[in-house]
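The exercises that follow ask you to read a structure step by step. Try each task yourself before you go on to its solution.

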Number of protein chains: 2
Amino acid sequence: MASVVHGYPSTMQDDYQLTMGQLIRQAVRSFGDTEIVHRNSHGTWGRTTYQENFDRIERAAAAFNKLGVGLGDRIGVMDWNSLRHYELYWAIPAIGAVFTQLNLRLAPEDLLYVINDSQASVIVIDETLVPAIQPLAERTKGVKTWVILSEGEIEHDLPNAVYYEELIADAEPLADWPNISETSAFAAGYTTGTTGRPKGVFYSHRSQYLHAYNTVKDLAVSVEDVVMPITPMFHVLSWGMVQVAVMVGAKLVLPGMFSAETLGDITDALTDEGVTVTNGVPAIFTPMFEVLKSKGVKDLTGLRMLCGGSEPPISMINAYRDTFNAEVVHGWGASETSPIVTVNRMRPTLRARMTEEEIRSYGSKQGSFPVNVDYKIVDGVGNQVPADGETAGEVLLKGPWITASYHGMPSEALADRFVDGYWRSGDVATIDENGFIKITDRLKDVIKSGGEWISSIDMENLMVSHPKVAQAAVVGLEHPKWDERPFMLLVLKDGEDITREEIDEHLLQRFAKWQLPEEFKVVDEIPATSVGKIDKKVIRSQYQDLYT
Amino acid sequence: MASVVHGYPSTMQDDYQLTMGQLIRQAVRSFGDTEIVHRNSHGTWGRTTYQENFDRIERAAAAFNKLGVGLGDRIGVMDWNSLRHYELYWAIPAIGAVFTQLNLRLAPEDLLYVINDSQASVIVIDETLVPAIQPLAERTKGVKTWVILSEGEIEHDLPNAVYYEELIADAEPLADWPNISETSAFAAGYTTGTTGRPKGVFYSHRSQYLHAYNTVKDLAVSVEDVVMPITPMFHVLSWGMVQVAVMVGAKLVLPGMFSAETLGDITDALTDEGVTVTNGVPAIFTPMFEVLKSKGVKDLTGLRMLCGGSEPPISMINAYRDTFNAEVVHGWGASETSPIVTVNRMRPTLRARMTEEEIRSYGSKQGSFPVNVDYKIVDGVGNQVPADGETAGEVLLKGPWITASYHGMPSEALADRFVDGYWRSGDVATIDENGFIKITDRLKDVIKSGGEWISSIDMENLMVSHPKVAQAAVVGLEHPKWDERPFMLLVLKDGEDITREEIDEHLLQRFAKWQLPEEFKVVDEIPATSVGKIDKKVIRSQYQDLYT
């Protein structure tokens with residue numbers, strides 16, 4: 001983009017800073033009687049209000065200052081979706097410190113890396129997570145104080161540990177809230193890529209403020225809503241749902257830890273508290289559907305369930321609509337994008353020219369781009385793909401809540417992740433004439449053959465629809481002439497056999513001849529990762545010399 | 001507020017500029033098929049889409065460049081709520097010029113002042129307004145070109161005039177959109193105070209962008225809505241309604257000129273086009289109610305009618321609710337505040353503890369403050385008044401869409417209008433324990449007696465409820481001991497007579513003894529302004545020596 005030029009001066013208060021400190025104080029001021037319903041890690045529910053709880057936020061902020069952390073310092077936080085976690089969302093940025101989210105699902109070595117890379121000097125941790133982090137404590141470099149979130153004293157071996165409740169009981173409410181610049185970092189998250197170390201994204205007050213405005217807009221959230229973030233608050237700040245609720249003054253339900261054990265309890269809260277906005281991944285919403293049904297719930301009209309992480313099955317979207325009149329809203333984003341970019345909300349002009357069936361199948365798309373986000377979808381040589389809903393390209397993004405770099409990454413490493421000021425998402429998508437995208441692959445799962453792309457995931461999905469096939473995996477292997485060519489592994493159903501002709505005939509329904517696998521192999525088992533996904537790295541390395 | 005301090009650097013794209021150019025391009029990109037329905041000054045309706053119309057915006061932008069205006073220049077615009085007016089909203093800021101709204105209701109001398117103060121070098125004007133502006137043309141100082149909006153050639157005496165339609169027909173679409181800084185002015189409005197010359201407020205791209213996000217939030221506007229701005233687009237940009245619609249991709253209905261003659265036509269559009277969001281003043285919505293009723297309209301569920309300018313009568317709010325299930329949303333603001341500050345939307349916590357009657361009477365309040373706006377309500381010596389719903393003070397405001405100065409005003413004159421970075425609204429209000437304000441007076445209508453304030457408007461309203469009284473006017477007159485003391489003029493109903501005791505008995509229902517008028521006088525007629533408001537300036541000057 002061209003460099004910024006200045007026009008005629010405005011008379012407005014353009015130096016007014018958009019900060020989290022302003023947001024919480026103004027929300028408490030205007031919506032003080034709004035309720036917060038919360039569940040702690042012992043499973044006990046409680047109730048408070050924005051106003052009543054604010055005293056704890058102000059004390060926590062002052063307590064951190066007393067611990068010697070303040071403007072610009074990083075404070076690590078590891079907790080479930082609790083009331084104390086909510087308090088820390090505000091208390092830490094209030095003093096200009098950086099709320100550094102520690103993802104408790106990370107491998108220990110990665111967690112250690114995040115703590116040390118962020119140079120957190122204080123770490124705040126829920127009592128249930130102390131056993132997991134204790135073994136790492138002595139290898140953390142800069143941590144001076146551990147702060148334990150608990151209902152009382154607990155047994156532990158953490159050095160220099162204090163109890164949060166004692167800290168805030170001893171503190172006076174913060175007397176002076178600093179006027180932080182909106183471009184300062186207020187929180188940090190680390191991406192959890194499957195390769196390499198986690199990469200730090202430092203969100204600014206401004207980026208989060210604008211992201212919240214955008215989500216309020218795209219989900220039409222208002223003071224009439226009741227917001228329950230199910231997505232963990234250590235996953236991209238639960239997609240900003242807490243900030244969204246506070247911005248409009250909506251009642252907030254903080255359900256604590258989400259797990260198979262707590263599912264029933266949290267589902268009760270969904271209906272009893274009248275939740276109208278929530279978020280989660282298909283792996284959460286799928287079992288939740290069964291629980292809601294088994295409880296005899298009939299109507300959840302008005303409920304919007306923002307669903308991301310991976311593609312929700314159309315059958316699940318339809319089931320929620322048909323059974324409860326609830327809307328599963330399909331969205332897409334990443335840690336680097338705060339995270340919400342596209343949201344799938346049908347607009348009247350589209351609805352008017354589609355059949356009911358088309359409308360329903362459209363739910364599998366990730367949605368369209370909001371104002372304030374620029375994008376390009378480009379092929380392997382950087383040309384924009386046509387908006388035909390078929391040609392796939394990598395999604396590139398620019399906007400005020402998109403990252404411009406990674407924490408501490410040298411510029412030569414950054415060069416590969418950004419192009420012309422756009423962040424490279426690594427996600428491959430088509431875009432249709434209505435501006436709706438459909439994510440087809442991760443870039444690394446696309447097979448680049450002769451300058452063209454072949455979707456390994458589309459091919460796998462088609463192949464498993466063959467009556468003889470139980471499982472299919474497709475990878476690109478290095479090829480001297482075409483860069484890469486597809487290779488397919490198949491697990492067949494018991495007693496079945498398959499020929500090359502049968503495979504080709506099946507795949508030619510949707511693929512061109514040149515896209516068909518160069519070779520295939522029937523195996524007993526496909527290499528998988530610890531969470532059951534196809535491990536393409538292993539397959540590629542096992543067969544790396546096949547075409548060379 | 002404390003000066004800005006910088007925390008830890010973020011990694012985000014914090015230099016991404018929030019501009020009107022970005023907004024329109026991204027909206028066209030994402031909601032290109034959204035309709036715009038429009039009415040020209042001949043009464044002819046037309047239809048287009050965001051996408052189809054965009055070519056005209058790009059041509060208009062390039063055409064202005066060809067006229068020699070660009071970055072930082074001011075372009076005056078005088079038009080009804082037309083499609084061309086909409087195009088100018090975007091084409092002018094696209095090239096970094098300032099859309100300078102010319103309020104066609106201004107007195108000719110004031111209009112001339114605005115043109116010269118803004119140093120507009122091009123003025124764009126609708127054909128119907130040419131006769132009014134022609135006599136001023138030779139006294140405008142910097143205007144090089146007049147651009148006429150019309151359906152064809154017209155007769156006129158404007159020097160250096162060109163036709164807009166010819167200009168854009170001859171232009172190529174703008175090739176390069178400059179990357180304007182968000183703190184540059186994108187539009188200018190002039191306040192229409194009753195005293196002194198109009199004062200210029202220059203809105204920044206940033207202030208308007210954030211104001212639009214705020215309105216989308218407060219009215220929960222979405223792509224499902226149909227927005228029809230009735231408030232003239234030359235009155236504080238029709239309160240930002242066009243930007244709001246475009247931000248969410250909502251269908252836009254531009255009703256042209258609103259008048260007694262067009263009321264029926266525009267009311268038809270309201271129902272036929274399925275309008276769900278509109279705006280106006282009580283003087284518009286009151287006759288509109290009768291028209292809707294006479295047409296046999298039964299149901300306008302979902303319609304939000306943002307009402308400002310002056311206080312909508314509770315009876316009107318109730319009538320819209322009871323007859324059509326439409327919501328008159330009471331709001332408050334000023335030219336200096338972009339303009340929306342408070343909006344009266346009942347929140348669930350309040351509704352739960354009020355009776356239906358209380359809820360209804362609450363509609364007469366102006367609402368509560370949104371996040372992103374700081375306020376103080378202060379008495380005559382600068383102390384904040386208690387939130388008791390009774391004690392009145394002047395409303396002071398701070399926020400990203402509040403003005404920080406007036407165009408070209410010397411700092412000694414500004415000192416009186418700002419205090420500690422807050423803009424002094426000149427409006428006097430109470431605030432209750434729920435954060436809802438009630439505007440009681442303009443500061444100049446408050447009587448300052450012995451350091452305390454007396455509401456002249458409350459006293460007038462109470463006095464006219466006396467069975468013998470037809471009209472009442474209360475002003476403060478200079479007093480050697482108490483600074484000011486109240487004085488009352490009364491017009492009685494035919495054949496009636498009133499005593500001092502009767503007046504006091506009536507006023508003591510709500511006023512303290514010290515607040516009662518020092519003297520009163522029965523007259524045949526109360527001095528009034530040209531628009532029928534009580535002319536307090538005249539009363540004060542007629543009786544200025546009464547107490548001295």
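Axes are lines fitted to C-alpha atoms, for helices over the stretch in contact, and angles run from 0 to 180 degrees between N-to-C directions. The structure is a predicted model, in which local features need pLDDT of at least 70 and side-chain atom pairs count only at pLDDT 80 or more, while totals for chains, interfaces and linings use all residues. Residues are numbered from 1 along each chain as its sequence is written, chains are lettered from A and ligands numbered from 1 in the order in which they are written, and side-chain values use heavy atoms, with hydrogens and water left out.

**Exercise 1. Describe how helices α7 and α9 of chain A cross, and name the residues that make the contact.**

Step 1: Two packed helices are described by the angle between their axes and the distance between the axes. For α7 (residues 205-219) and α9 (residues 241-248) of chain A, the axes come within 9 Å and cross at roughly 75°. Helices (H or I, at least four residues) and strands (E, at least two) are DSSP runs, numbered from the N terminus.

Step 2: Angles under 35 degrees count as roughly parallel, over 145 as roughly antiparallel, 65 to 115 as roughly perpendicular and the rest as oblique. Therefore α7(A) is roughly perpendicular to α9(A).

Step 3: With contact meaning heavy atoms within 4.5 Å, α7(A) contributes A:Q208, A:Y209, A:A212, A:Y213, A:T215, A:V216 and A:L219, and α9(A) contributes A:M241, A:Q243, A:V244, A:M247 and A:V248.

Step 4: Ala, Val, Leu, Ile, Met, Phe, Trp, Tyr, Cys and Pro count as nonpolar, Asp, Glu, Lys and Arg as charged, and the others, Gly among them, as polar. By these classes, the contact of α7(A) with α9(A) has nine nonpolar, three polar and no charged residues.

**Exercise 2. Classify the crossing of α2(B) and α3(B).**

Step 1: The axes of α2 (residues 50-66) and α3 (residues 83-94) of chain B come within 8 Å, and they cross at roughly 55°. Because of this angle, α2(B) is oblique to α3(B).

Step 2: The residues of the contact of α2(B) with α3(B) divide into 12 nonpolar, one polar and three charged. Among those that meet are B:Y50 and B:F64 in α2(B), and B:W90 and B:I92 in α3(B).

**Exercise 3. Work out which strands stand at the edges of the seven-stranded sheet of chain B.**

Step 1: Two strands pair if DSSP finds at least two bridges between them. The open sheet of seven strands in chain B has mixed pairing and the order β8-β7-β6-β4-β5-β9-β10.

Step 2: β8 (161-163) and β10 (200-204) of chain B are at the edges, each with a single partner strand, so one side of each is left without a neighbour in the sheet.

**Exercise 4. Do the corresponding analysis for the eight-stranded sheet of chain B.**

Step 1: This open sheet has the order β3-β2-β12-β11-β13-β14-β15-β16 (chain B), again with mixed pairing. Its edge strands are β3 (45-49) and β16 (340-343) of chain B, each of which pairs on one side only.

Step 2: β2 (residues 35-39) and β12 (residues 251-254) of chain B run parallel and are joined by three bridges; B:I36 stands opposite B:L252 in β12(B).
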